[in-house]
Amino acid sequence: MHISEGILSPSVLAVGFAVSATGTAIGLKKMKIEKIPQVAVISSAFFVASLIHIPIGPANAHLIMNGLMGILLGWMAFPAILVVLMLQALVFQYGGFTVLGVNTFIMAAPAISTYYLFRYIVINGRQIAVALAGFLTGTTGVGLAALLLTIALISTGEEFTDVAKLVILAHLPVFIIEGAITSFCVLFLKRVNPEILQKVS
């Protein structure tokens with residue numbers, strides 16, 4: 001769900017950098033040394049999951065897994081996503097460095113939202129509630145990211161309205177797939193390693 005370079009207005013890019021810098025600073029402050037291996041492993045999974053892209057005008061559709069990152073990392077998702085997007089821009093030319101702030105915010109802000117909305121249920125709920133919370137975590141992560149991407153495009157110019165609608169439509173199947181995968185992952189982690197869900201700052 002990266003936005004390509006040369007699309008957004010300077011004001012949108014500036015806001016993206018400012019907000020992402022703030023979120024990253026908060027995430028780094030919360031990232032203790034013992035958390036670094038966990039952040040690295042989850043970042044690697046995020047990197048791999050988002051490698052397969054379907055181009056949609058100035059953006060693209062792919063698995064995101066930002067909702068799961070939010071549940072597992074909390075605010076640490078901001079620096080984790082920033083590093084992944086930097087590597088993707090450097091190695092695969094996905095997105096770009098001028099849009100790095102906006103793209104980071106588009107992915108990381110929904111991750112933080114899922115952390116506050118669903119983490120308590122994931123940790124304390126019964127199996128059915130955990131499965132549902134996991135599904136909603138996945139769909140919310142994708143849905144909010146698509147919404148933020150749409151806002152960024154429309155804020156740049158009304159000529160991107162049709163493209164923004166196309167982005168939303170193209171991600172409808174991703175909503176369901178991401179929700180199902182996230183639900184499975186949360187249930188699996190809850191069964192085999194519940195501590196990883198609880199030790200988040």
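How many aromatic pairs does a search of the whole structure find? The search finds three, where rings of Phe, Tyr and Trp (its six-membered ring) pair if their centres lie within 6.5 Å, and planes under 30 degrees apart count as stacked, over 60 as edge-to-face and the rest as tilted. One of them joins Trp75 and Phe78, whose planes stand at 15° with ring centres 6.0 Å apart, so this pair is stacked. Another is formed by Tyr115 and Tyr116, an edge-to-face arrangement with 80° between the planes and 5.0 Å from centre to centre.

This is a predicted model, in which local features need pLDDT of at least 70 and side-chain atom pairs count only at pLDDT 80 or more, while totals for chains, interfaces and linings use all residues. Residues are numbered from 1 along each chain as its sequence is written, and side-chain values use heavy atoms, with hydrogens and water left out.

Trp75 and Phe78 are both buried, a term for under 20% relative accessible area, whereas exposed means over 50% and partly exposed lies in between (1.4 Å probe, protein chains only). Tyr115 is buried at 11% relative accessible area, but Tyr116 counts as exposed at 57% relative accessibility.

Phe78 also touches Ser20, a residue of helix 1 (residues 10-30); helices (H or I, at least four residues) are DSSP runs numbered from the N terminus. Ser20 is buried, with 4% relative accessibility.

Helix 2 (residues 36-49) contains Val41, which is exposed at 58% relative accessibility.

How values were computed
Helices (H or I, at least four residues) and strands (E, at least two) are DSSP runs, numbered from the N terminus. Contact means heavy atoms within 4.5 Å. Lists of a residue's contacts leave out its neighbours within four places in sequence.
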